[in-house]
Amino acid sequence: MARPGHGRNRRSLEEDEDEEVEDPVDAMILRTGCAVQHQELQECMAARQDWRHCQPQVRAFGECMARRQRAEE
């Protein structure tokens, strides 16, 4: 009997390694045209571990997304 959390078989693990599955959030951000700003924000968050220290990146990403939203209206 399989232990909980180990329901995946060897074949599915190998398939995952062969195919890079695109994250739906990453795909959505790429479509907005704000991927660079998002990446910079992610890098700052990883380095600083506190969004309050990343306010320039937060603002840049927010402004980019707002421009995209206005363009769609």
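Buried means under 20% relative accessible area, exposed means over 50%, and partly exposed lies in between, with a 1.4 Å probe and protein chains only. By that scale Q49 counts as exposed, at 64% relative accessibility.

This is a predicted model: local features need pLDDT of at least 70, side-chain atom pairs count only at pLDDT 80 or more, and totals for chains, interfaces and linings use all residues. Residues are numbered from 1 along each chain as its sequence is written, and side-chain values use heavy atoms, with hydrogens and water left out.

## Fold and surface

The protein chain has 4 helices and 0 strands. Helices (H or I, at least four residues) and strands (E, at least two) are DSSP runs, numbered from the N terminus. From that end, the order of elements is α-α-α-α. Helix α2 covers residues 24-32. A loop joins α3 (35-48) to α4 (55-72), and Q49 is found there.

Of the 73 residues, 18% count as buried. The accessible surface of the protein chain comes to about 6400 Å², and 50% of that belongs to carbon and sulfur atoms. Accessible areas come from the Shrake-Rupley method with a 1.4 Å probe; for residues, only the protein chains shown count as cover.

The structure holds 2 disulfides. A disulfide here is a pair of cysteine sulfur atoms within 2.5 Å. One is formed by C34 and C64, with sulfur atoms 2.0 Å apart. This pair links distant parts of the chain: C34 sits in the loop between α2 and α3, C64 in helix α4, 30 residues apart. The C34 and C64 link is left-handed, with -95° about the S-S bond. C34 counts as buried at 0% relative accessibility. C64 is also buried, at 8%.

The other disulfide joins C44 and C54, again with sulfur atoms 2.0 Å apart. C44 lies in helix α3 and C54 in the loop between α3 and α4, 10 residues apart, and this pair too links distant parts of the chain. The angle about the S-S bond of C44 and C54 is -90°, which is left-handed. Both C44 and C54 are buried. With the bonded cysteines numbered in sequence order, the pairing is 1-4, 2-3.

C64 is in contact with G33, C34 and Q37, leaving aside neighbours within four places in sequence. Contact means heavy atoms within 4.5 Å. The C-alpha atoms of L41 and A60 are separated by 8.6 Å, and these residues are 19 apart along the chain. A60 is in helix α4. A60 is partly exposed, with a relative accessible area of 27%.

## Salt bridges

How many salt bridges does a search of the whole structure find? There are 2. A salt bridge is a side-chain nitrogen of Lys or Arg within 4 Å of a carboxyl oxygen of Asp or Glu. Side chains of opposite charge can pair when their charged atoms come close.

| Salt bridge | N to O distance |
|---|---|
| R52 and D50 | 2.8 Å |
| R68 and E72 | 3.1 Å |

R52 is exposed, with a relative accessible area of 57%. E72 and R68 are 4 residues apart in helix α4, so about one helical turn separates them. E72 counts as exposed at 53% relative accessibility. R68 is partly exposed, at 33%.

## The end of α2

T32 is found in helix α2. At 12% relative accessibility, T32 counts as buried. A polar atom of the T32 side chain lies 2.6 Å from the backbone oxygen of I29. Not counting residues up to four places away in sequence, T32 touches M65 and R68. R68 is also the residue that forms a salt bridge with E72.

## A backbone point

Which residue other than glycine has a positive phi, near 60°? It is Q49. Most residues other than glycine have a negative phi. Q49 lies in the loop between α3 and α4.

How values were computed
A polar contact is a pair of N or O atoms within 3.5 Å; within protein, one must be able to donate a hydrogen and the other to accept it, and residues adjacent in sequence count only if both atoms are side-chain atoms.
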